[in-house]
Structure formats: structure tokens, C-alpha cells
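This report describes how parts of one protein model are arranged. Please study the sequence and the structure shown here before reading on.

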Amino acid sequence: MQVDVADTEPRANRLARFTGALRAALGLAVDVGLPRLCAACREPVGGEGLCAACWGKLSFIAPPYCERLGIPFPFDPGPGVLSMEAIADTPAYRRARATLRFDDVARALVHALKYGDRLDLAPTMGRWMANAGRELLADTDAIVPVPLHWRRQWARRFNQAALLSEVVSKTSDVPVAHTALKRVKATPQQVGLSQSERALNVQGAFRVPPAAKAAVEGRRLILIDDVITTGATVDACARALNRAGAAHVDVLVFARVVAAARAPI
Ligand SMILES: [Zn+2]
């Protein structure tokens, strides 16, 4: 007779096994002193970054997607097909990939990392990104974090893009070029701006400093940021890197805004 292990195992053991597996999946190193709350719903959790319910709500981006922008397609149009966005408004970067759709749970994770001092989330978020960008990273000489203006970095004490870059670097063995790009304009927050306003807002905001020219010229680069909304920021960064002679620029982010209905053309 075959015995179903799950049915014979005490409930507490099963629960412990489940949370252990989840913790391993999330791979979080949580300090003993930290409050153990779900980063999304603030319910107490056993040490993981997310509770099981919020974990289940994460929307990972997987193929089929636009070869160029990484925007998911509702059906598989065949290999190499581009999205309408990629054709209508070709970006300065070559390819972009994102781990998650930017929905409520993804937003909560990003905000917890950025504003909530949940730096313990960075290793998990970065590893997921390295996974989503594996194909791009195999073809990359250096990682370039999207820089903050020094005043904002000083106020926040860290740059979340640089933090995620460090984790992606550790996972992929691609070095980080921290000083390759500089934010020379303190741009207002992009929140609430239209696509064209966003593009205008970041125009001329990024520059490759003369000392970083050698780190950029002829190199295959990947830009890292937390979120793509319209892509205006990474596009402005890619323009600056291209002007300084980068061989190519790809983009890897934790989450990207995806409109409800997208179809390839
Ligand atoms: Zn939760």
C-alpha cells in the first residue's frame, strides 16, 4: 500500500518544512533584531521577506515577451517578434529584462527596499534579477547602476540600484562600474509625469565623467535600476553611455510597468 507522506506527517512539521523551503527560496538573511514582517502586507512572518499569500501574488515575467523590451505577450507570436512599443519608439538601449510586473506586491518590495530600510530584501531581489537577466549578463563586461543625484543619495544614504547591482554582480561574476555614470542634474521625482514630461525631465541628466571614459568605451554594459515605468530614465542613461562609446547597453530591472493588454504586431 502506498502511503502519502504529507497525510501522515504532523501538521506542525509540514508547516515548518514549508516555511523552511520558502525561506530557502527567498534566501533572506534576516538579522535577529529585525522585526519579522511581510514586506508587502506587514503581517508577521517567520523570518521571510514575504508571507505565503503575498509570495503567491508575485507576477514573474516569463517568455513569451518582446525580444527587445522584455514586455510580456499574452500569446506566443514566435521567436524574435517585437512589441509595438519597441518599433514605434526604439530605445537607445538594446534589450531590457525585468523580474516582475510592477503590481502591488512588487511595488511594496521596491518601496520597502528604497524607503523602508528593508535592505535585507536586496539579496533576494538581486538574485531574481540575475536570473531574469541571465541571457543579457552572459554578454556583458560591466554592470552600471542608474545613479542618484548626490543630494538624493545623501538623503537616502544609499542607492538602491547600486545595492541591487552588487547582488547581481556576485551572482553573475560581472563587475560593477560604480562611477561610469553620473547624475549631473537633480531631476524632480518622475511620479505623476507623462511619458514626454519624463523624457524631458531626465534629458541631459546623466553624463560619463572623463575619468570613466575607459570603463565605458568599447565595453558591453548592462544598466541596473529598480523599476522601469516609461523607460525614460534608462533611455537617458543609455544615450549617455552610447555617446561615450559603449559597445552596447542592455537594461535589467527588478520590475517593469506592463499595461493590461499588450499584443505583438
Ligand atoms: Zn504578506
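## The nonpolar cores

The largest nonpolar core has 39 residues; such a core is a set of buried Ala, Val, Leu, Ile, Met, Phe, Trp, Tyr and Cys residues joined through side-chain atoms within 4.5 Å. Buried means under 20% relative accessible area, exposed over 50%, and partly exposed in between, using a 1.4 Å probe and protein chains only. Tyr93, Leu181, Phe206, Val216, Leu223, Leu241 and Val251 have the most contacts inside this core. At least two of its residues come from each of β1 (96-101), β2 (142-145), β5 (220-228), α12 (232-243) and β6 (248-256), and α12 gives the largest share, 7 residues. Helices (H or I, at least four residues) and strands (E, at least two) are DSSP runs, numbered from the N terminus.

Another core, of 34 residues, lies apart from this one and includes Ala112, Ala122, Met129 and Val174.

## Basis of the model

The model is predicted: local features need pLDDT of at least 70 and side-chain atom pairs count only at pLDDT 80 or more, while totals for chains, interfaces and linings use all residues. Residues are numbered from 1 along each chain as its sequence is written, and side-chain values use heavy atoms, with hydrogens and water left out.

## The zinc site

The zinc ion has four protein donors, Cys38 (SG), Cys41 (SG), Cys51 (SG) and Cys54 (SG), which lie 2.3 Å from it. Donors are N, O and S atoms within 2.8 Å of the metal (3.2 Å for Na, K and Ca); water is not among the atoms, so sites may look incomplete. The angles among the 4 donor atoms are 104 to 117°, and the site is tetrahedral, a label given to four donors if all angles lie between 85 and 135 degrees.

Along the chain, the donors follow the spacing C-x2-C-x9-C-x2-C. Cysteine 38 and cysteine 51 both lie in the loop between α2 (11-26) and α3 (52-57), so this pair ties together parts that are 13 residues apart in sequence. Cysteine 38 and cysteine 51 are buried.

## The aromatic cluster

Trp55, Phe60, Trp128 and Phe254 form one aromatic cluster. Rings of Phe, Tyr and Trp (its six-membered ring) pair if their centres lie within 6.5 Å; planes under 30 degrees apart count as stacked, over 60 as edge-to-face and the rest as tilted. Tryptophan 55 and tryptophan 128 form a tilted pair, 5.8 Å centre to centre with 50° between the planes. Tryptophan 55 belongs to helix α3 and tryptophan 128 to helix α6 (residues 122-132), so the pair ties together parts that are 73 residues apart in sequence.

Key: Four donors count as tetrahedral if all angles lie between 85 and 135 degrees; four count as square planar and six as octahedral if opposite donors are over 155 degrees apart and all others between 65 and 115; anything else is irregular.
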